[in-house]
Amino acid sequence: MKAALLAELIATFFFVLIIMRVTAPGAVAGFAPIAIGLALTLIHLVLIPVTNTSVNPARSTGPALFAGWDYLSQLWLFWLAPIVGGVLGALAARGLTVSEQEG
C-alpha cells in the first residue's frame, strides 16, 4: 500500500508540474496539449501494472462505488495521493517560476 501511495503521489506531482510549466506565461504556444497528453500516457503506462492508475480521484471513486467494499477501503489512497502530489507539484512549479524571474 505504501508503494501505491508513493507511486500515485509522484505521478501526480510530475503531471501537475508539467501542466503548470507548459501552460505558464512564456511557454511555447501550441505545445501544451502534446506535452500534457504524452505525460498522461506515460503515467498510465507506468502505473497501470502498479495501481491501475488514478491520478484523478473522480476516476477512482466512480468504479469503487460499484465494485464493493474492498475497493472502497482503498479509496483514501486515490484521494490522498493526488491531492498531496498536486499541491506539491504546484508549489514546485511556482518555485521554478519565481526562480526564473529572479535569475
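**Close-up A. Val-84 is a residue of helix 5.**
Welcome to this predicted model, in which residues are numbered from 1 along each chain as its sequence is written, and in which local features need pLDDT of at least 70. Side-chain values use heavy atoms, with hydrogens and water left out, and side-chain atom pairs count only at pLDDT 80 or more, while totals for chains, interfaces and linings use all residues. Helices here are DSSP runs (H or I, at least four residues), as strands are (E, at least two), numbered from the N terminus. With 30% relative accessibility, Val-84 is partly exposed; buried means under 20% relative accessible area, exposed over 50%, and partly exposed in between (1.4 Å probe, protein chains only). Val-84 and Leu-72 are 12 residues apart in sequence, and their C-alpha atoms are 20 Å apart in space.

**Close-up B. The whole protein chain is built from 5 helices and 0 strands.**
Starting at the N terminus, its elements follow the order α-α-α-α-α. Along the principal axes, the C-alpha atoms fill a box of roughly 50 × 25 × 20 Å. Of the 103 residues in the protein chain, 29% are buried.

**Close-up C. Phe-13 and Phe-14 form an edge-to-face pair.**
The whole structure holds 1 aromatic pair. The ring centres of Phe-13 and Phe-14 are 5.0 Å apart and the planes stand at 80 degrees, so the pair is edge-to-face. For such pairs, rings of Phe, Tyr and Trp (its six-membered ring) need centres within 6.5 Å; planes under 30 degrees apart are stacked, over 60 edge-to-face, and the rest tilted. Phe-14 itself is partly exposed, with 44% relative accessible area.

**Close-up D. Seven names make up the largest nonpolar core: Ala-7, Ala-11, Phe-15, Ala-39, Ile-43, Leu-47 and Val-55.**
A nonpolar core is a set of buried Ala, Val, Leu, Ile, Met, Phe, Trp, Tyr and Cys residues joined through side-chain atoms within 4.5 Å. Helix 1 (2-22) and helix 2 are the elements that give two or more residues to this core. In soluble globular proteins, nonpolar side chains tend to be buried together.

**Close-up E. Thr-12 is a buried residue, at 4% relative accessibility.**
You can find Thr-12 in helix 1. Setting aside neighbours within four places in sequence, Thr-12 is in contact with Val-55, Ala-81, Pro-82, Gly-85 and Gly-86.

**Close-up F. Ala-24 belongs to the loop between helix 1 and helix 2.**
Although Ala-24 is in a loop, Ala-24 is buried, with 18% relative accessible area. Ala-24 and Ala-93 are 69 residues apart in sequence, while their C-alpha atoms are 9.2 Å apart in space.

**Close-up G. The largest pocket holds about 340 Å³ of space.**
On a 1 Å grid over the protein atoms alone, a pocket is an open set of points with protein on both sides within 12 Å along at least five of seven lines, whereas a cavity is a set where a 1.4 Å probe fits but cannot get out; lining residues have an atom within 4 Å of a point. Points are joined across faces, edges and corners, and the volume is the space filled by probe spheres set on them. The lining has 16 residues, and Thr-51, Asn-52, Tyr-71, Gln-74 and Phe-78 lie nearest the centre. Helix 2 (32-51), helix 3 (57-67) and helix 5 (75-102) each supply at least two lining residues, and helix 3 gives the most, with 5. The lining divides into 10 nonpolar, 5 polar and 1 charged; Ala, Val, Leu, Ile, Met, Phe, Trp, Tyr, Cys and Pro count as nonpolar, Asp, Glu, Lys and Arg as charged, and the others, Gly among them, as polar.

**Close-up H. Asn-52 and Tyr-71 are among the residues nearest the centre of the largest pocket.**
Asn-52 lies in the loop between helix 2 and helix 3 and is exposed, at 54% relative accessibility. Asn-52 is not a glycine, yet has a positive phi of about 70 degrees. Tyr-71 is in helix 4 (residues 69-72) and is partly exposed, at 49%.

**Close-up I. Ser-60 is found in helix 3.**
Ser-60 is buried, at 11% relative accessibility. Not counting residues up to four places away in sequence, Ser-60 touches Ser-54, Leu-75 and Phe-78. Between Tyr-71 and Ser-60 there are 9.1 Å in space, C-alpha to C-alpha, and the two are 11 residues apart in sequence.

How values were computed. Contact = heavy atoms within 4.5 Å.
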